[in-house]
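Subject: Structure handover

Hello,

Here is the structure I said I would pass on. Please open it first, then read my notes below.

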Amino acid sequence: MKLLLILSPGVVTTISKLTKMCVLRLTPDNLFFVLSGKVANGGVSMWCELSQANFFDEYQMEGVSSEDNEICLEVTPENLSRALKTVQNAKTVKVKLTKKHCPCLTIAAELPTMSSINRVVTHDVPVDVIPRRLWHEFKEPNMPDFDVSIYLPPLKTIKNVVDRMKNLSNFLVMEANLNGEMNLKIETDLVSVTTHFKDLGNPPWGDDASQDGGPSQSRDPEAMAQARVDIRKLQQFLVGQQVNPSKAMCNIVHERVVHLILLHEDVSLQYFIPAVA
Amino acid sequence: MDCLLEGNCVKAFGKAVHALSRIGDELWLDPMVRGVSSTKQRWKGNSLALRSVNSAHSAYACFLFSPLFFQHYSLGPVSEQGSETIKCKLLMKSVLPLFRCLTSIERNVERCQISISTPSDRVIIQFFCRHGITKTHNLSFQESEALQAVFASHLCPNVLKAPARLLGDMVMHFPVSQEEITLSMTPLSVSLRNYYEGGNDHMKTMYTEMSLHLDEFDYFQVGVDSDITFCLKELRGLLSFAETHCLPVSVHFGAAGRPVCFSVEDMVLEATVVLATLIDSESTGPSQQTETLAPTTPRCAEAAVLPVGSCEANSRKHQGVPAVMELIPSSQGSPIISPPALMLLVPQTDNPNGLGEPDEACASATTTPASSTICSLLFRALSSEQDSDGCAARLPVLAYYSDGEENMEEDYTRSPSL
């Protein structure tokens, strides 16, 4: 498989802050970085989708077979991010799947120099090929049957709040309603702290996303849906975000899961944090 | 000894301390009566050497400051032989914090005075800062014979002279945590790659390689095609110094196993880092040992190399040397062996524990299995005695002991010292 591309390191760096290992799925049109919600991750899962046309000048891939025309690799995003950072000024960058001592994503770049002959840098990022029988674990997650969907305040603001709350408690309650109000709350024996956000706005699908259409239409706009999550997981998500997304939303399934969605120009990122009791 | 540095030189001195701190935990302050730079510029008058060695004895660095570097420099009462100057060993962790924040030194410090006070066994470092503030630091030192490595760079078959930023740009592609890298030289190109040690952790290890055409260097000499593997971490300090001062870096090396020397110089100072390189033992075996040895001088100390399987060697006084230091029977069998490319003068120290603790700067080097061995460059001799089992006579001479110029023999005396 050959990919020739100019891939922005930004996305990969963000993902590298979220998780140590993840799965890279390559299809003819898209790339996906997937983390499936296993116990080892604390139940957190992630789905990041990029359209290859936005990143690659040339993209060729051949999957496992014509029916399953995709490739699934387990990769350490930090390695990939580091490799891509060093070749940011390159004239050309090529990414290939190769087999060296083990399967690798080989990133080969030509760097400009003063002389006529280019410098060549090659990074071999080891990957593990995931067999087809396990692919079902890395499918696109369904949009959950959420109770409330709301636009998030600026991520930097949330991050500041969450960073300070982390010093006080391990768990944080996120709640929001269909009236554009969101609260972040922590409560301990000694202290409880709540940060209120108003006028955030709710995405239009908030009213009819529910599959059976019943409860959400009659949902009281003031009623809060809440979920109590491990604060570190939320913080980890926020730490990685370096650029403000064009859209940032949060769906809450009452006492089940917090679903965060970030849309950048070329990339969409979804992050699921399970609620704890 | 008493010297005065002003303004920018304080910052340069601090940067030198930073670079040395990458090497070892101790800093030798060595005022010299006649400093001799390895490029054969004899600086008239006194000079000051700052040296450091890592505990594994596989890395050595020296910054030599000529008298022109100082506003004022005096040795104090000293006899003509020059052996009366006090040589001080300081703890790096006492010295480094004084120079840690170079930007604040640049802003605030007008002058710096360094003096050695013998009666109180203290080195006094005074910073004369703006607004009339004077900061005085008294550091206690241990009197210790100076450590020197003499690297005969003119004997090295391979030479590279790189413009100031080139090496920094090359190593930038490797993670800061990368311990060792391999530099390969062929008549067409120079390449750097991270050292692959084998082992099970394939998933985590990213391999990076980069290559440059020789045209990118200011000067090159390809004597032998060689691949040398050395510790990158220890070198980064010098590369940073070179970049800050826009100085080209010269690299002298030979085949694998021979030390590599990186040096920078300008009108008033010269800095050198000598690193041991790994030998790949695939091409060698203990049986070759006796065949490839060079004639040794009678006063040869134990070399840095210990015979494989000769356990008693380990029990001898190599406290600074981890037991993994095993023999490097030289595959080179090579003319490079004699005369030795690296010679060490290490006079006795009073500290029987040698020059450091057994933990290493180059972590992976000293924990590698016998299949890759680091050739330790320096070796200290405790005394001038022969080894009782005569082992030394059969070891390839990479380092030998001499206690002064007058005892050096033949043409080795001409080799410049650092």
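The interface comes first. The contact (heavy atoms within 4.5 Å) takes 23 residues from chain A and 19 residues from chain B. About 1800 Å² is buried between chain A and chain B, and carbon and sulfur atoms give 60% of that. Buried area here is the accessible area, with a 1.4 Å probe, that two parts lose on being put together, summed over both. On the chain A side, A:Arg82, A:His101 and A:Arg119 lose the most area to chain B; together they make up 30% of what that side buries.

A word on the basis. This is a predicted model, so local features need pLDDT of at least 70 and side-chain atom pairs count only at pLDDT 80 or more, while totals for chains, interfaces and linings use all residues. Residues are numbered from 1 along each chain as its sequence is written, chains are lettered from A and ligands numbered from 1 in the order in which they are written, and side-chain values use heavy atoms, with hydrogens and water left out.

The rule finds one salt bridge between chain A and chain B. A salt bridge is a side-chain nitrogen of Lys or Arg within 4 Å of a carboxyl oxygen of Asp or Glu. The partners are B:Glu216 and A:Arg119, with the closest N and O atoms 3.2 Å apart.

Which elements give two or more residues to the side of chain A that touches chain B? They are α2 (77–86) and β9 (119–129) of chain A. The largest share of that side, 10 residues, comes from β9(A). Elements are DSSP runs numbered from the N terminus: helices are H or I with at least four residues, strands E with at least two.

Over all chains the count is 14 salt bridges. One of them joins A:Glu70 to A:Arg25 at 2.7 Å, N to O. This pair links distant parts of the chain, 45 residues apart: A:Glu70 is in the loop between β5 (58–60) and β6 (71–75) of chain A, and A:Arg25 is in strand β2 (residues 22–26) of chain A.

Sheets of chain B

One open sheet has five strands in the order β5-β1-β7-β8-β9 (chain B), with antiparallel pairing. Two strands pair if DSSP finds at least two bridges between them. β5 (72–74) and β9 (134–140) of chain B each have a single partner strand, so one side of each is left without a neighbour in the sheet. From one strand to the next the twist averages 15°. Helix α1 (residues 7–21) of chain B packs on this sheet, touching β1 (2–6), β7 and β8 of chain B, and its direction makes about 110° with that of β1(B). Angles run from 0 to 180 degrees between N-to-C directions; axes are lines fitted to C-alpha atoms, for helices over the stretch in contact. Eight bridges join β7 (residues 109–117) to β8 (residues 122–129) of chain B. B:Ile116 stands opposite B:Val123 in β8(B).

Another open sheet has 10 strands, in the order β10-β6-β2-β3-β4-β20-β19-β18-β12-β16 (chain B), again with antiparallel pairing. Its edge strands are β10 (142–143) and β16 (219–221) of chain B. Six bridges join β19 (residues 260–265) to β20 (residues 269–275) of chain B, and B:Val260 stands opposite B:Leu275 in β20(B). Helix α5 (residues 232–244) of chain B packs on the sheet and touches β4, β18 (249–253), β19 and β20 of chain B; its direction makes about 20° with that of β19(B). α1(B) lies across β2 (26–32), β3 (47–53) and β4 (59–65) of chain B, at about 170° to β4(B).

Confidence

The model scores ipTM 0.72 and pTM 0.68. pLDDT is the predictor's confidence in each residue, from 0 to 100. Chain A has a mean of 81, with 89% of its residues at 70 or more. Chain B averages 68, with 59% scoring at least 70. In chain B, pLDDT stays under 50 over residues 282–418.

Best wishes
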